Amino acid sequence: MKITCNDVADIALGGAFLACGGGGDVLVGRMVAERVLREHGNVDLIPLQEITDDATVIAVGGVGAPSIMNEKVSNGTEAITALRILEEYTGRKADALIAFEAGGFNSLVPVMIASQLGLPVLDADGMGRAFPEMQMETFSIYGVSATPLTLVGNAGHSIIMNMADASTAEKLIRQFTVLGGGGACFSAEHVMDGSTVKRVSVPHTISLSLRLGRCLRENHGNMKEFRQELDAILQTARYGRPNVLFEGKVVDVDRQVTGGYDVGIVTLQEFGAGENNMTMDIQNEFLTARLGTHVLATVPDLICMLDNDTVQPITQETLRYGQRVTVMGISAPEILRTEQALKVVGPKCFGIDMEYIPIEQRLGTVGLEFDSTGTELIPSPYRST
């Protein structure tokens with residue numbers, strides 16, 4: 001299929017939903033990408049299985065604190081510079097590009113580059129959601145070297161990095177992002193052949209973002225219809241069914257930029273006279289959802305937040321006191337739930353002292369039940385109806 005200027009808004013919106021509060025601002029990414037596609041033309045979106053085994057694929061995207069990216073808006077060329085530097089250094093020209101995460105902004109970075117350079121984009125990514133660190137990409141988890149990689153800041157600073165492992169590279173990336181990019185940079189990384197990228201990627205995520213975004217747009221302000229359609233959309237991808245975990249208002253946001261990340265805790269209070277609160281840990285993305293003392297969901301399962309009135313995704317950097325929200329939990333694709341993956345993306349990898357338990361098992365242990373539509377969970381022991 002072709003990605004056109006008219007598709008950009010839906011991809012950004014759907015990507016923001018999958019990004020679990022991270023991935024960058026929808027509006028900023030949309031504005032830049034729409035301008036680029038208007039000027040340079042449409043982009044071919046290739047199914048993962050159709051890339052040739054000997055093709056060269058390079059992952060691209062933005063790194064740093066999403067709140068900083070809102071202030072230092074990309075001009076659409078920094079990521080191209082990063083790609084060109086990496087191509088020259090490795091002696092390999094990209095035949096196709098891939099997003100390293102599904103996020104409102106980062107879903108669009110390869111599209112912006114591809115439009116300007118005449119390259120295709122793979123319908124896949126390296127997370128199936130958004131995570132804050134490079135070693136958490138499925139590319140790294142399943143054996144692809146993250147380096148050599150290049151980083152480019154919006155002031156023109158750049159660096160080529162070679163490290164023995166992705167975790168060490170991530171530490172240096174954060175240092176350069178702060179010092180050389182003022183908190184935000186663009187990277188080109190994980191040089192792979194087509195055979196490898198088929199093995200280590202999460203498929204269909206760009207087209208899934210497009211369908212999700214279209215559903216969010218068409219059901220603006222209609223939460224009931226969106227929930228019903230969301231279940232069917234996710235069944236066509238490698239995700240579990242959506243679960244409504246909480247409905248309430250934002251009563252506190254304790255967040256700061258630390259080491260190149262947005263880090264903090266958000267507290268929600270249920271609607272009406274109920275006294276139940278939900279707390280959610282943040283490190284660029286929503287990491288946990290706790291209802292009182294009960295943990296309902298943790299990474300790597302998806303924890304997504306929607307504006308209760310507009311039915312639009314809320315990124316963590318746009319959280320404000322008084323917002324009325326719905327929190328949803330979704331089972332992550334199996335590629336993120338293996339023993340190998342959980343060593344890198346499980347709760348303990350974020351400093352959260354708990355074992356990973358799949359969301360469907362956690363919800364069963366606290367007595368949550370599906371309503372008659374099969375799409376909404378009713379935590380009757382813990383909150384009023």
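**Exercise 1.** State how far apart Arg 174 and Glu 170 are in helix α7, and what that separation amounts to in helical turns.

Solution. Helix α7 covers residues 166-181; helices here are DSSP runs of H or I with at least four residues, strands are runs of E with at least two, and both are numbered from the N terminus. Arg 174 and Glu 170 are 4 residues apart in α7, so about one helical turn separates them. Their side chains form a salt bridge, with an N to O distance of 2.6 Å. The term requires a side-chain nitrogen of Lys or Arg within 4 Å of a carboxyl oxygen of Asp or Glu. Over the whole structure, the search finds 15 salt bridges.

The model is predicted: local features need pLDDT of at least 70, side-chain atom pairs count only at pLDDT 80 or more, and totals for chains, interfaces and linings use all residues. Residues are numbered from 1 along each chain as its sequence is written, and side-chain values use heavy atoms, with hydrogens and water left out.

**Exercise 2.** Determine how α1 and α2 are oriented to each other, and which residues make the contact.

Solution. Begin with the geometry: α1 (residues 8-18) packs on α2 at an angle of about 150 degrees, with the axes 9 Å apart. Axes are lines fitted to C-alpha atoms, for helices over the stretch in contact, and angles run from 0 to 180 degrees between N-to-C directions. Angles under 35 degrees count as roughly parallel, over 145 as roughly antiparallel, 65 to 115 as roughly perpendicular and the rest as oblique. The two helices are therefore roughly antiparallel. The crossing is right-handed, the term for a near helix turned clockwise from the far one by less than a right angle; anticlockwise gives left-handed.

Next, list the contact, meaning heavy atoms within 4.5 Å. From α1 come Val 8, Ala 9, Ala 12, Leu 13 and Ala 16, and from α2 Val 26, Arg 30, Ala 33, Glu 34 and Leu 37. By class there are 8 nonpolar, no polar and 2 charged residues. Nonpolar covers Ala, Val, Leu, Ile, Met, Phe, Trp, Tyr, Cys and Pro, charged covers Asp, Glu, Lys and Arg, and the others, Gly among them, are polar.

**Exercise 3.** Describe the packing of α5 with α2 and with α4.

Solution. Take α2 (residues 26-40) and α5 (residues 109-117): their angle is about 15 degrees and their axes are 9 Å apart. They are therefore roughly parallel, and their crossing is left-handed. Val 32, Ala 33, Val 36, Leu 37 and His 40 of α2 meet Val 111, Met 112, Ser 115 and Gln 116 of α5. This contact has 6 nonpolar, 3 polar and no charged residues.

Now take α4 (residues 78-90), which packs on α5 at about 75 degrees, again with axes 9 Å apart. That makes α4 roughly perpendicular to α5. Ala 79, Ile 80, Leu 83 and Arg 84 of α4 meet Val 109, Ile 113, Gln 116 and Leu 117 of α5. The classes are 6 nonpolar, 1 polar and 1 charged.
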